[in-house]
Each structure stands twice: as structure tokens, then as C-alpha cells.
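Here is a short briefing on one protein chain. Look at the structure first, then read the points by topic.

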Amino acid sequence: MTEANPAARVSGAELLPGKSNYLIGNDPSKWHRNIPQFARVNYESVYPGIDLTYYGNQGQLEYDFRVAPNAEPGKIALTFEGASAHLDGGDLVLLTSNGDVRFQAPYIYQTNGEAKKKTIAGSFRQLADNKIGFEIGNYDHSRELIIDPALSYFTYLGG
């Protein structure tokens, strides 16, 4: 299994209106002004032929893996520190000291160029302790594949 690329190229997409300013401390040389905001952040080539995109959706942070034609989605491996990962009825559950985080079974699909989505069978796959990958059913390897794990809920336990 290939490890993720720590030097993946990061870029913003879908520029949003407004800018952010970070004026922390008393040293103006460390202040950052007029920082652009983006709706999406792309990490290119986190694995060979596989990009990762983060974006907001109804107040939640989501992410998609975009697998290029003929790239190997089996190289994707998610590792979780500070949590215990296990599968529950197709969902991924992360047990933390502050509560559980549940990801629904991933929505995996391809488009046909007409914005129609064809659902591809697939699921999370336990690779090792706290290491999760994806099991992907039959799909057209000559077209891009999208793997979209959806955050289902977070429960906070404790005081």
C-alpha cells in the first residue's frame, strides 16, 4: 500500500467574497491581511492519480476522493490518531474520549458527462487497527471515480 504524498499541491477553488485578516499579537510583521477565502480546498496527487477535495456542505466539513481514470483507489488509506476506528453496519465509527464520530457508508459514483451520476457499489474496508480503506465494486476504469464519505453525526459525551 502506498503512503499518502506529504508534498501534495494545495490550492483553493471557487473564490468566495470577502477576505480574512489575522491580527494576532503585537508584532505587525506576523499579521496576515486580505487572505482570500475559498469554497473548496484541493490537494492534488495525495496518492498517484488521486486528488482530495475538502468543502463545506450545510455547515459540515466534507471531503471527496477524486480517482483519475486508471488510477488505483485501493491505495487510499485513512489513519486515525486519538480515536479507535471500527466498522458498524457499513458505517465507519470513530470512538474518541469526547464522543463518537460516524461516517455513513461512502457514496461512490461516476458521471457520464451529462451530470448524471451512476452509483457504484462500495464500502469502507478495515485494513488494520485504526486504518481504513475502501472496497469498490465494478466500475468504468476509463472514467473518473468519486468517493464521498459523508459525516453522519457526532455525539458528545461527558462534561
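Start with arginine 143, which is partly exposed because its relative accessible area is 27%. Arginine 143 pairs with aspartate 140 in a salt bridge, with the closest N and O atoms 3.4 Å apart. Aspartate 140 is also partly exposed, at 30% relative accessibility. Keep in mind that this is a predicted model.

**Confidence**

- The average pLDDT of the chain is 87. A score of at least 70 is reached by 93% of the residues.
- Residues 155–159 have pLDDT under 50. For this stretch, the model has eight contacts beyond four places in sequence.
- Where pLDDT is low, predicted coordinates should not be read in detail.

**Salt bridges**

- The count of salt bridges comes to seven.
- Glutamate 14 and arginine 40 form one of them, at 3.0 Å from N to O. Glutamate 14 sits in strand β1 (residues 9–22) and arginine 40 in strand β2, so the pair ties together parts that are 26 residues apart in sequence.
- Arginine 40 has a relative accessible area of 25%, so it is partly exposed.
- Glutamate 135 meets arginine 125 in another salt bridge, at 3.6 Å from N to O. This pair links distant parts of the chain, 10 residues apart. Glutamate 135 belongs to strand β11 (residues 131–136), and arginine 125 belongs to strand β10 (residues 122–128).
- How exposed are the two partners? Glutamate 135 is partly exposed, with a relative accessible area of 42%. Arginine 125 is partly exposed too, at 29% relative accessibility.
- Asp88, Asp91 and Arg102 are joined in a network of salt bridges.

**A buried charge without a partner**

- Find glutamate 62 in strand β4 (residues 60–67).
- Is glutamate 62 buried or exposed? Glutamate 62 is buried, yet it has no salt bridge.
- Which side chain of opposite charge is nearest to glutamate 62? It is arginine 40, 8.4 Å away.
- Arginine 40 does have a salt bridge, with glutamate 14.
- What does glutamate 62 touch, leaving aside neighbours within four places in sequence? Its contacts are Thr53, Tyr54, Tyr55, Asn57 and Asp148.

- Tyr22, Ile24 and Ile35 make a nonpolar surface patch of about 310 Å².
- Isoleucine 35 is found in strand β2 (residues 32–47).
- Isoleucine 35 counts as partly exposed because its relative accessibility is 31%. Patch members must have over 30%, so isoleucine 35 passes that cut-off.

**Positive phi angles**

- Asparagine 34 has a phi near 55°. That is a positive value in a residue other than glycine.
- Asparagine 34 lies in strand β2. Its relative accessibility is 53%, so asparagine 34 counts as exposed.
- Asparagine 70 also has a positive phi, about 65°, although it is not a glycine.
- Where is asparagine 70? It lies in the loop between β4 and β5 (78–79).
- Asparagine 70 is exposed, because its relative accessible area is 64%.

Note on methods: Residues numbered from 1 in each chain as written. Predicted model: local features only at pLDDT ≥ 70, side-chain atom pairs only at ≥ 80, totals over all residues. Heavy atoms only, no water. Patch = residues over 30% accessible without salt bridge, like charges linked within 9 Å, V, L, I, M, F, W, Y side chains within 5 Å. Areas by Shrake-Rupley, 256 points an atom, 1.4 Å probe, with all protein chains shown as cover. Salt bridge = Lys/Arg side-chain N within 4 Å of Asp/Glu carboxyl O. Helix = DSSP H or I, 4+ residues; strand = E, 2+ residues; numbered from the N terminus. Buried < 20%, exposed > 50% of the residue type's maximum accessible area, 1.4 Å probe, protein only. Lys, Arg positive; Asp, Glu negative; His and termini not counted. Contact = heavy atoms within 4.5 Å. pLDDT = per-residue confidence, 0-100.
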